[in-house]
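Subject: Structure handover and findings

Hello,

Here is the structure for you to look through. My notes follow below it.

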Amino acid sequence: VILDYVSRRYRYPKSQDDLVYLSQLNQAYCMQVGVEHYRRLAPRCMGAIYWQLNDCWPVASWSSIEYTGRWKALHYAARRFNAPALASAHVPGDEGTIIGNYRVTSVREAHLHTVYDAPAPARGRLRWDLFHLDGRVLLSGAKPVALRPGESVRQKTLDLAKPMAAHGRDHIYLRIALEVDGATVSEQTVFLAPPRFLELPRGKTRTSLRLLSPTRARLTVVSPVFQHAFAFDFGDALFTATDNFFDLYPGEKKTVEVEFAAPQTTQAMAAALGHRSLADTYA
């Protein structure tokens, strides 16, 4: 059942570990779509609570925290889609097949929303960039936005028919972000076709580790190409991080802080560090 649902959005994984990773991406994506839909409906609907938080024994389930206390992809995603200030995209339309198994799509545009649940009003800036997978920026824009408590606003509609026709929907992706006081408080990548059809680039990821205390470290990663759902781990070591399963954009550093359940050394961390992104899950 898990493989069936995974294969509707992603390619067949090349290993058991990749299947576990993809199943977590699928779970996180499903929850994100549902929760952001409900939040965009504010004030008619003011959000959602998902089932379930954690497990008390090893099992395949809808929990976002494993029985060991390890966070799944969903728990990191929940921090993003439940952020008090949220940038969210609604892409109407769908993809299907016709005679001869030719793919067709009714996707033409993207509606960009802001949702705000903080107690005090604020002013922000909504940004959008349409990228080609080769790194080119095809379209950019920004808009000042007023953020009011309990309010969802459709701020912008992007007509993407021309760039989709010119470059192909399998070769482009949309990045949206919301800034408040000069800091990015919400960000996400929007695909215009199922990710299994995208020929995602592969590049060598550079990582650096710095031990801040016996149980706390800072990890910095940078990639020359776009990487979707970059996830890192430290083998069997239990940890939580300020972020994980995030997107890496070409040439931009991403820094996260990691809290371990037991003391670590720099050498042990470096030896145990592993990572993958969506492109690494298939041959």
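A definition to begin: buried means under 20% relative accessible area, exposed means over 50%, and partly exposed is in between (1.4 Å probe, protein chains only). This is a predicted model, where local features need pLDDT of at least 70, side-chain atom pairs count only at pLDDT 80 or more, and totals for chains, interfaces and linings use all residues. Residues are numbered from 1 along each chain as its sequence is written, and side-chain values use heavy atoms, with hydrogens and water left out.

Surface patch

By that scale Val104 is partly exposed, at 34% relative accessible area. Val104 sits in strand β3 (residues 103–105). Helices (H or I, at least four residues) and strands (E, at least two) are DSSP runs, numbered from the N terminus. With Ile98 and Tyr102, Val104 makes a nonpolar patch on the surface. Together the three have about 300 Å² of accessible area. Areas come from the Shrake-Rupley method with a 1.4 Å probe; for residues, only the protein chains shown count as cover. Patches take residues with over 30% relative accessible area and no salt bridge; nonpolar side chains (Val, Leu, Ile, Met, Phe, Trp, Tyr) are joined within 5 Å, like charges within 9 Å. A salt bridge is a side-chain nitrogen of Lys or Arg within 4 Å of a carboxyl oxygen of Asp or Glu.

Cores

In soluble globular proteins, nonpolar side chains tend to be buried together. A nonpolar core here is a set of buried Ala, Val, Leu, Ile, Met, Phe, Trp, Tyr and Cys residues joined through side-chain atoms within 4.5 Å. The largest has 47 residues. Phe232 and Phe234 have the most contacts inside it. At least two residues of this core come from each of α2, α3, β11 (216–222), β12, β13, β14 and β15 (254–260). Contact means heavy atoms within 4.5 Å. Beyond its neighbours within four places in sequence, Phe232 touches residues including Leu219, Phe239, Val256, Val258 and Leu273. Another core lies apart from the largest one. That core has 24 residues, among them Ala89, Leu112, Tyr116 and Ile172.

Strand β8

How many residues of strand β8 (residues 172–180) are buried? Nine of the nine are, so β8 is largely enclosed by the rest of the structure. Both faces are covered. Ile172, Leu174, Ile176, Leu178 and Val180 are buried on one side, and Tyr173, Arg175, Ala177 and Glu179 on the other.

Two strands pair if DSSP finds at least two bridges between them. β8 pairs antiparallel with strand β5 (residues 122–132) over nine bridges. There Leu126 stands opposite Leu178. Eight bridges join β8, also antiparallel, to strand β9 (residues 183–191). Ala177 faces Glu187 in that pairing. β8 and β9 form a hairpin with two residues between them. Asp181 in the turn has a positive phi of about 55°.

Backbone

Two cis peptide bonds to look at. One joins Ala42 and Pro43, with omega about 5°. The other runs from Trp51 to Gln52, with omega near 15°. Pro43 is in the loop between α2 (16–40) and α3 (73–81). Gln52 is in the α2–α3 loop too.

Ala229, in strand β12 (residues 227–233), has a positive phi near 55°. Ala229 is buried at 4% relative accessibility. Phe245 also has a positive phi, near 55°. Phe245 lies in the loop between β13 (239–241) and β14 (246–248) and is buried at 14%.

Best regards
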